Amino acid sequence: MRRDEPVRYVCADCGHMTTTRTGRCPSCGAWGTLDAEAGPAARPRGAAARVVSAVDVRPPQRLSTGIGELDRVLGGGLVPGGVVLLGGQPGIGKSTLLLQAAGRVAESGASVLYISGEESEAQVALRAARLGVASDRLLLCCGNELEGALRNMKDASFVVLDSVQAMRAEGEAGWPGTPNQVRAVAQRLVDAARADRVPAVLVGHITKDGRLAGPMLLEHMVDTVLIFSGEGYSSYRMLRAAKNRYGSTDELGVFEMREDGLTAIEDKSGLYWNRSDTAVSGVAMTIALEGTTPLAAELQTLAGPTVFPYPRRTARGIELNRFQLLTAVVEKRCGLPCSGHDLYMNVAGGLSIQDPSADLAACAALASALRDAPLRTGSCWLGEVGLAGEVRPVTRLGVRLREAARLGFSCAVVSSRERAERAGGLEIVPVSHLDEALALGFSVREKETSI
Ligand code: TYD
Ligand code: MG
């Protein structure tokens, strides 16, 4: 064994592992039972190579958390031995979500271990009672000592550890929350979960700039990183995967924090849509995709004569550069004067759109604001717009059109290069250029007045 390789000391009696040699096992109290064992890095190097086709690739048997939205973001449920890191700002609802999931898993007949280093037994139990979580199979372990807590893991089918910053790993230097401790806590949980093939969720805090607190290594150690987020003023919470070894990172889960805990929002389309009955100028609808989830998004634009030497451009929910670029396209290719106007664009409901398929809706909203005329009622706009003013196809148009039809839109303006199928009662309006789209997309009232 090389001198610089890490050494672990393992108790011959209880199997407890520590990095410092002590005369007495800190776990079971036996004397003289700790023996040096090579750490992971010091095992014989290079495991035997195998033929790739001989590796078992059967999909793992997943454990449902009982919360459909959480399962979907995970890629279909928890994976045995897989460790999920759930990050989010304090107070966002991480503990609530996990206690609810723990309760559901326990109700399904599996035993669950909920370790809380942040709250007392009474606090967790009170919350469980408020959330209606009551099961004999849900075991609670409160305290900061990781090793002691993990010893309860033997019969568990699912483990929650709240949080990585609150726990203390035995034999590691530093206070809980220091990089050394965070790394050790995470590594020991990962080892324990892998060894017992038990799925585990680890809670992690997020710093003010939105990064997971603790060493960068933390994200590499776990299989899945989920980020739970939400605006301070809103009761909606978004769950996204930042990394997922067992599924896609595209899925979005939406929850609402209510008096009785988090409720999954399965029909997300209405979330960002005012459904105003009266046609308003400067408003265009699109169906954006968040992962595989279609979301109806309402783009709103306001235009007013400027008093500044440089007209103002403000965008919320859409990238400012993209908005400025589309402004230039509308001005140049459709002859609508923008330079004398202050222009403001907002995506209703605090939604943030990265999807370029919203370009056409943004241009339509802009044109509608500049002309001060509403767009065709019940229209939605799906297309990417190029610098030449050409309207390009979008990804997964079929999904978007079906959603538009389901929501009761009457027409969809799409690129003529799409092979769009009529969905339900939705009329398809194919266009090749922005100019053409704007000629077809205004309401009858505006057409009459503009003649
Ligand atoms: P919590 O799960 O403790 O957040 P985290 O673990 O991410 O720090 O959530 C705390 C917030 O949620 C708190 O402000 C109160 C609110 N809340 C509700 O609105 N309803 C509920 O049923 C629960 C349990 C919490
Ligand atoms: Mg908490």
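**Legends to close-up views of the predicted model**

**View 1. The interface of domain 1 and domain 2 in this predicted model.** Domain 1 and domain 2 together bury about 430 Å², and carbon and sulfur atoms account for 35% of that area. On the side of domain 1, the greatest losses of area to domain 2 fall on H16, T19 and S27, which together make up 62% of what that side buries. Contact involves seven residues of domain 1 and six residues of domain 2. The C-alpha centres of the two domains are 29 Å apart. In the chain, domain 1 spans 1-42 and domain 2 spans 68-266, while domain 3 covers 271-450.

**View 2. Polar and charged groups between domain 1 and domain 2.** One residue pair is in polar contact across this interface, with both residues at pLDDT 80 or more. On the side of domain 1 that touches domain 2, five residues are polar, one is nonpolar and one is charged. The number of salt bridges across the interface is zero.

**View 3. The salt bridge of E147 and R188.** Over the structure, the count of salt bridges comes to 16. In the one shown here, the side chains of E147 and R188 meet at 2.4 Å, N to O.

**View 4. The aromatic pair of F228 and F255.** A search of the whole structure gives one aromatic pair. The rings of F228 and F255 are arranged edge-to-face, with 5.9 Å from centre to centre and 80 degrees between the planes. The angle is over 60 degrees, the cut-off for the edge-to-face class. F228 sits in strand 9 (residues 224-229) and F255 in strand 11 (residues 252-258); the pair links distant parts of the chain, 27 residues apart.

**View 5. The cis peptide bond of D162 and S163.** Most peptide bonds are trans. The bond that joins D162 and S163 is cis, with omega at about 5 degrees. S163 is placed in the loop between strand 7 (158-162) and helix 5 (179-196).

**View 6. The backbone at R197.** Most residues other than glycine have a negative phi. For R197, a residue other than glycine, phi is positive, near 55 degrees. R197 is located in the loop that runs between helix 5 and strand 8 (200-205).

Technical notes. Residues are numbered from 1 along each chain as its sequence is written. Chains are lettered from A and ligands numbered from 1 in the order in which they are written. This is a predicted model: local features need pLDDT of at least 70, side-chain atom pairs count only at pLDDT 80 or more; totals for chains, interfaces and linings use all residues. Side-chain values use heavy atoms; hydrogens and water are left out. Domain bounds come from an automatic or database domain assignment. Contact means heavy atoms within 4.5 Å. Buried area is the accessible area (1.4 Å probe) that two parts lose on being put together, summed over both. A salt bridge is a side-chain nitrogen of Lys or Arg within 4 Å of a carboxyl oxygen of Asp or Glu. A polar contact is a pair of N or O atoms within 3.5 Å; within protein, one must be able to donate a hydrogen and the other to accept it, and residues adjacent in sequence count only if both atoms are side-chain atoms. Ala, Val, Leu, Ile, Met, Phe, Trp, Tyr, Cys and Pro count as nonpolar, Asp, Glu, Lys and Arg as charged, and the others, Gly among them, as polar. Rings of Phe, Tyr and Trp (its six-membered ring) pair if their centres lie within 6.5 Å; planes under 30 degrees apart count as stacked, over 60 as edge-to-face and the rest as tilted. Helices (H or I, at least four residues) and strands (E, at least two) are DSSP runs, numbered from the N terminus.
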